Amino acid sequence: MKLSNGSAIPALGLGVWQVPEGPTCERAVEAALEVGYRLIDTAQAYGNEASVGRAIRSSGVPREEIFLTTKFYPGHKDAHAEMEKSLERLDTDYVDLYLVHWPQGGPTKAWSGMEAAQAAGLTKGIGVSNFSAAELAEVTKSSEIAPIADQFQFSPFVYRRGLVEACVEASVVPQGYSPLGTGEHLDDPAVAKIAAATGRTPAQVLIRWSLQRGVSVIPKSSTPARIQENFVALDFELDDEAMAALDALDTTNHTSEAKASSEKWWS
C-alpha cells in the first residue's frame with residue numbers, strides 16, 4: 001500500500017503486542033520473515049524491541065527489505081529522544097514508521113518530537129495510533145510533516161468505516177490491529193459459516209476481510225504455524241455476499257472514533 005511519503009507498506013504484517021521479550025518473540029519474528037512477511041510492528045510499550053531487533057538480524061533478510069514499525073510511549077516527554085533509545089534496542093539505524101501510540105495529553109502534544117525524529121533521519125515516516133478522525137485532522141492541520149498512517153483496532157465487529165474513510169480522504173493509510181478480536185471472533189457462527197463455505201480458517205477470513213476493506217493489517221501471533229496460516233490470507237478473495245455478511249457484524253455504527261469513551265485508558 002502506497003504511503004504519502006513515497007514509500008510503501010506491506011498490506012499484511014506481524015504484530016508482537018503481548019509477546020514477551022526473549023526467545024518467544026524472536027521465534028515469532030524469525031518465523032514470520034521466513035514465511036514471507038516483510039512488515040514487523042512493535043512498540044516501546046511492548047518491551048520487546050530488543051528481541052525484534054535480534055530476530056531481524058538473525059533472519060538473514062536484508063534490513064532494507066523489512067518494513068519496521070515502532071511506537072512512541074506517550075507517558076514519556078520527548079518522542080525524538082525516545083526514538084533514539086528505540087533504535088539502540090532494535091540495533092538498527094532507522095525505522096520505517098514511528099507512531100504516537102495513543103493521544104495522551106491531546107493529539108498534538110507529541111508531534112513536534114515526532115517531526116524532529118524524522119528530520120534527524122531516525123524514521124522514514126511518522127504517524128499515529130488510536131487517533132479518531134477528529135484527532136487525526138487536528139494533527140494534520142497543525143503539522144509541518146503530516147502523518148502517513150493511523151493504526152487502530154479493526155475487524156468486522158469493530159468496522160470503523162468512518163475512520164477508514166477519513167484516513168483515505170487525508171491520504172493516510174489505515175492500519176488495523178486485533179483483526180481476530182484477540183481470538184474472540186474465531187468462534188463466531190457467522191465467521192465459521194463463511195470459513196466452512198470457502199475452505200478457509202476463521203482467522204484467514206477475518207484477515208482477508210480487513211485487506212479487502214483497504215486496511216493494512218497486523219495480526220498478532222507467537223505460534224509459527226498460525227503465523228504461516230495467517231499469511232495465506234493474501235492468496236484468496238471473499239465474494240460480495242461474504243463481505244456483506246461480515247460487514248453486518250459491526251457493533252460501532254461505522255464510527256469515526258478510534259476508541260469508545262469507556263475504552264480509553266489515557267487522559
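A salt bridge is a side-chain nitrogen of Lys or Arg within 4 Å of a carboxyl oxygen of Asp or Glu. Keep that in mind as you move through this predicted model, which holds nine salt bridges.

Centre the view on R54, which you will find in helix α2, residues 49-59, and which is partly exposed, with a relative accessible area of 32%.

From R54, turn next to E21, where the closest N and O atoms of the salt bridge are 3.4 Å apart. This pair links distant parts of the chain, for E21 sits in the loop between β1 (14-15) and α1 (23-35), 33 residues away from R54. E21 is itself partly exposed, at a relative accessible area of 37%.

For the last stop, move to helix α3, residues 79-90, and select E82 and K85. These two form a salt bridge, with 3.3 Å between the closest N and O atoms, and they are separated by about one helical turn because they stand three residues apart in the helix. Which of the two counts as buried? E82 does, because its relative accessibility is 9% and the cut-off for buried is under 20%, whereas K85 is partly exposed, with a relative accessible area of 40%.

Conventions
Residues numbered from 1 in each chain as written. Predicted model: local features only at pLDDT ≥ 70, side-chain atom pairs only at ≥ 80, totals over all residues. Heavy atoms only, no water. Helix = DSSP H or I, 4+ residues; strand = E, 2+ residues; numbered from the N terminus. Buried < 20%, exposed > 50% of the residue type's maximum accessible area, 1.4 Å probe, protein only.
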